[in-house]
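These entries record what I looked up, element by element.

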Amino acid sequence: MDFAVSAGLASSFEFVPETGSTNTDLIAKSAQLSDFSVKVAGFQNAGRGRSGRQWLAPAGSSLFVSVLLKPQNVPASKFSWLPLLAGLAMNRAVSDLIAPARSSLKWPNDVLVGEQKISGVLSELVPDLSGVVIGAGLNVSQEQGDLPIESATSLRLQGAHTLEHDQVLARYLGHLKDLYQRFVANQGDAVASGLRFSVIDECGTINRRVKAIMPGDTEVLGEAVGIDDSGRLILLRGDSGQVFPVAAGDIVHLRHN
């Protein structure tokens with residue numbers, strides 16, 4: 001595949017027809033690679049989603065991309081914002097491609113069209129804690145029968161203006177780079193950079209009744225009322241009315257009243 005436009009947005013760029021996981025590949029070479037290095041695969045045979053779930057798609061039907069972020073002068077305590085930043089970038093890219101329809105963020109970084117998932121993000125710290133590898137998968141050309149679950153969709157099914165992988169990837173990398181540069185310029189301050197309010201504005205989870213499935217399979221029901229300064233989802237618990245911050249967990253949107 002030709003990725004001339006996308007490669008111009010990266011400090012280094014590599015495309016491979018197939019690999020186990022682009023995240024794993026970048027993590028293994030992270031010490032030798034520079035900030036905003038990008039790896040793209042035509043097919044992943046060992047891709048993972050959150051909680052270690054398998055993440056596979058027919059060859060050539062999806063976009064699999066990982067980006068190494070090594071933010072200078074940003075404390076590691078602020079790295080929790082990078083997955084949300086990537087989700088915001090992907091949401092904007094998808095909305096561009098399917099306009100006038102719109103997509104939305106499902107906290108922390110899934111992208112939905114309506115209630116159907118079109119993209120997911122998996123972020124992993126590099127071994128020396130100098131940065132994060134952001135892996136993203138985007139359904140591009142699948143028909144409904146190609147998708148593993150009914151609640152998924154693709155750019156093709158949403159009538160995207162283009163399905164050409166370089167143009168699709170360039171949309172994502174362009175938004176990611178812009179958001180990331182502002183985040184770094186503000187030393188990882190999500191408020192000063194505008195990141196926190198942008199995520200809140202585009203997050204379809206806010207003001208929804210949700211179920212949070214926490215590590216250990218503990219479940220918390222409540223209304224999502226906001227996102228705090230560290231990127232945690234703030235729930236108002238339905239059983240007690242108390243505020244409950246969610247730093248990590250699977251969020252299930254419940255039916256509207």
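I took buried as under 20% relative accessible area, exposed as over 50% and partly exposed as in between, with a 1.4 Å probe and protein chains only. In a regular strand the side chains alternate between the two faces of the sheet.

I noted the basis of these entries: the model is predicted, local features need pLDDT of at least 70, side-chain atom pairs count only at pLDDT 80 or more, and totals for chains, interfaces and linings use all residues. Residues are numbered from 1 along each chain as its sequence is written, and side-chain values use heavy atoms, with hydrogens and water left out. Helices (H or I, at least four residues) and strands (E, at least two) are DSSP runs numbered from the N terminus.

**Partners of strand 8.** I counted two strands as paired if DSSP finds at least two bridges between them. Strand 8 pairs with strand 9 in the antiparallel sense over five bridges, and Ile 213 stands opposite Glu 219 of strand 9. Five residues lie between the strands of this hairpin, and Gly 216 takes a positive phi near 90° there. Strand 8 also runs antiparallel to strand 12 (residues 250-253), joined by four bridges; Ala 212 has Ile 251 as its bridge partner in strand 12.

I traced an open sheet of seven strands in the order 1-2-3-7-6-5-4, with mixed pairing. Strand 1 and strand 4 stand at the edges with a single partner strand each, so one side of each has no neighbour in the sheet. Neighbouring strands are turned by 20° against each other on average, direction ignored. Axes are lines fitted to C-alpha atoms, for helices over the stretch in contact, and angles run from 0 to 180 degrees between N-to-C directions. Strand 5 (residues 110-113) and strand 6 (residues 116-125) run antiparallel, joined by three bridges, and Val 111 stands opposite Ser 119 of strand 6.

**Helices.** I took contact as heavy atoms within 4.5 Å. Helix 3 packs on the sheet, touching strands 3, 4, 5, 6 and 7, and its direction makes about 25° with that of strand 7. Helix 4 lies across strands 1, 2, 3 and 7, at about 30° to strand 3. In helix 5 (residues 195-202), I found Leu 195, Arg 196, Ser 198, Val 199 and Glu 202 buried. These buried residues fall within an arc of 165° seen down the axis, so they line one face of helix 5; the arc is that of the directions from the helix axis to the C-beta atoms. Their cover includes helix 3, strand 4, helix 4 and strand 9.

**Rings.** I counted three aromatic pairs, taking rings of Phe, Tyr and Trp (its six-membered ring) with centres within 6.5 Å, and planes under 30 degrees apart as stacked, over 60 as edge-to-face and the rest as tilted. The Phe 3 and Phe 13 rings have centres 5.6 Å apart and planes at 40°, so this pair is tilted. Ring pairs link Phe 3, Phe 13 and Phe 15 into a cluster. Phe 3 is buried at 5% relative accessible area, while Phe 13 is partly exposed at 24%.
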